[in-house]
Amino acid sequence: MIAILGDDVISVVADIERKKNITKAELQYLLEGNEGELLGQRAAAVRQEIYGQAVFIRGLIEFTNYCKNNCYYCGIRRGNKLAERYRLTEEEILACCQEGYRLGFRTFVLQGGEDEYFTDARMCHIIRSIKEQYPDCAITLSIGEKSAESYQQYFQAGADRYLLRHETANEAHYSQLHPAEMSLQHRKKCLYTLRDIGYQVGAGFMVGSPGQTVDTLYEDLQFLRELKPHMVGIGPFIPQHATPFGQKPGGTVERTVTLLSIIRLLLPHVLLPATTALGTIDPVGREKGLRAGANVVMPNLSPKSVRKKYALYDAKICTGEEAAECINCLKNRVESIGYTVVCDRGDYRP
Ligand code: SAH
């Protein structure tokens, strides 16, 4: 690794901002905690130029925790026999939207495991019903890897956006995180297909996942620069006790926040959530993320009865409150640090 000699944090950050690129040495330097407050301040300034003080909210509806995949890190992996499985009915999903709409949400995120019960026909029916009742709302899907035909059908039914974290852009690392039947190549292909269909797409990764290094993170950032997604979801890896990674160390707040800032500088217009996982490892983690360049939060709209069952990781926050309490708490938090929650679709600003 080349040391950064005679250089200081001001010129490193300015260099990244100007080139909208980062060298491995610069990444290493920033990840070692050399940035002080400057990186976060620059990222917040860049975000301010494009999105002002606005924080966009997305109502997250975790509609199924059945999953055919067996990702080593994830609590709803099929091999987790301890997971109590559930799926919401279309009526229950619509009830979440109704409550969400009342509370001011204009984006609904339907997230779940890869659950074959939700065939394309069922998904399209749900998407159409939501769009019919709430034509002014955006629908984001986060339901994993599907065929191009399926993605096309959901898009035609009215889905606007799709979140599919690439998880890691390094092949060897990908195979440390996933069983052999899954591949990075296929995941990437899905992302390009989604983008070509016309979705606003979101990629991303966990910070501190087992096997992650400065080199793999560097590849993640270069992949993001190449894909140019509209959204990037990153949050700390948090071990889930009943998974193969249950005893592994989790990611840190500092590293997550540093990476949020770097991503803001590389992709100034990106929609960047301060994630629930970040709020889980630090009581003011989401606030820290927002101050360092993030501009989206995704409160939970799932029925209280299922919240605890959608346990991707341990000790997840906001599993005990009603949606209304959650959003009020979040509004207060966002306002306490000088930002404003806006109640519109919160689209990407090119
Ligand atoms: N089945 C969908 C949704 C997955 S859950 C899909 O494949 O995209 C959404 C995200 O949660 C995952 O992409 C992963 O990055 C994150 N996640 C899963 N397990 C986690 C853990 N233990 N700690 C932190 N984040 C986790």
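Reader: Where is G113 found?

Author: Helices (H or I, at least four residues) and strands (E, at least two) are DSSP runs, numbered from the N terminus. G113 is found in the loop between β3 and α5. This is a predicted model, in which local features need pLDDT of at least 70, side-chain atom pairs count only at pLDDT 80 or more, and totals for chains, interfaces and linings use all residues. Residues are numbered from 1 along each chain as its sequence is written, and side-chain values use heavy atoms, with hydrogens and water left out.

Reader: Is G113 buried or exposed?

Author: Buried means under 20% relative accessible area, exposed over 50%, and partly exposed in between (1.4 Å probe, protein chains only). G113 has 7% relative accessibility, so it counts as buried.

Reader: Which residues is G113 in contact with, leaving aside its neighbours within four places in sequence?

Author: Contact means heavy atoms within 4.5 Å. On that basis G113 is in contact with T64, Y66, C67, I76 and Y310. The C-alpha atoms of G113 and K68 are 7.4 Å apart in space, while the two residues are 45 residues apart in sequence.

Reader: Where is D115 found, and what polar contact does its side chain make with a side chain?

Author: D115 is found in the loop between β3 (107–112) and α5 (120–133). A polar contact is a pair of N or O atoms within 3.5 Å; within protein, one must be able to donate a hydrogen and the other to accept it, and residues adjacent in sequence count only if both atoms are side-chain atoms. The side chain of D115 makes such a contact with the side chain of R87, at 2.8 Å. The D115 side chain also reaches the backbone nitrogen of Y117, at 3.0 Å. D115 is buried, with a relative accessible area of 5%.

Reader: How many residues surround the ligand?

Author: A residue is near a molecule or strand if one of its heavy atoms lies within 4 Å of it. Here 16 residues surround the ligand, and the closest are Y73, G112, R165, E167 and I238. A polar side-chain atom of E167 lies 2.6 Å from an oxygen atom of the ligand. For R165, an N or O atom in the side chain is 2.9 Å from an oxygen atom of the ligand.

Reader: Which residues have the most contacts inside the largest nonpolar core?

Author: In soluble globular proteins, nonpolar side chains tend to be buried together. A nonpolar core is a set of buried Ala, Val, Leu, Ile, Met, Phe, Trp, Tyr and Cys residues joined through side-chain atoms within 4.5 Å. The largest one here has 111 residues, and I130, L141, Y154, Y199 and L259 have the most contacts inside it. Helix α10 (residues 253–266) gives the most to this core, with eight residues.
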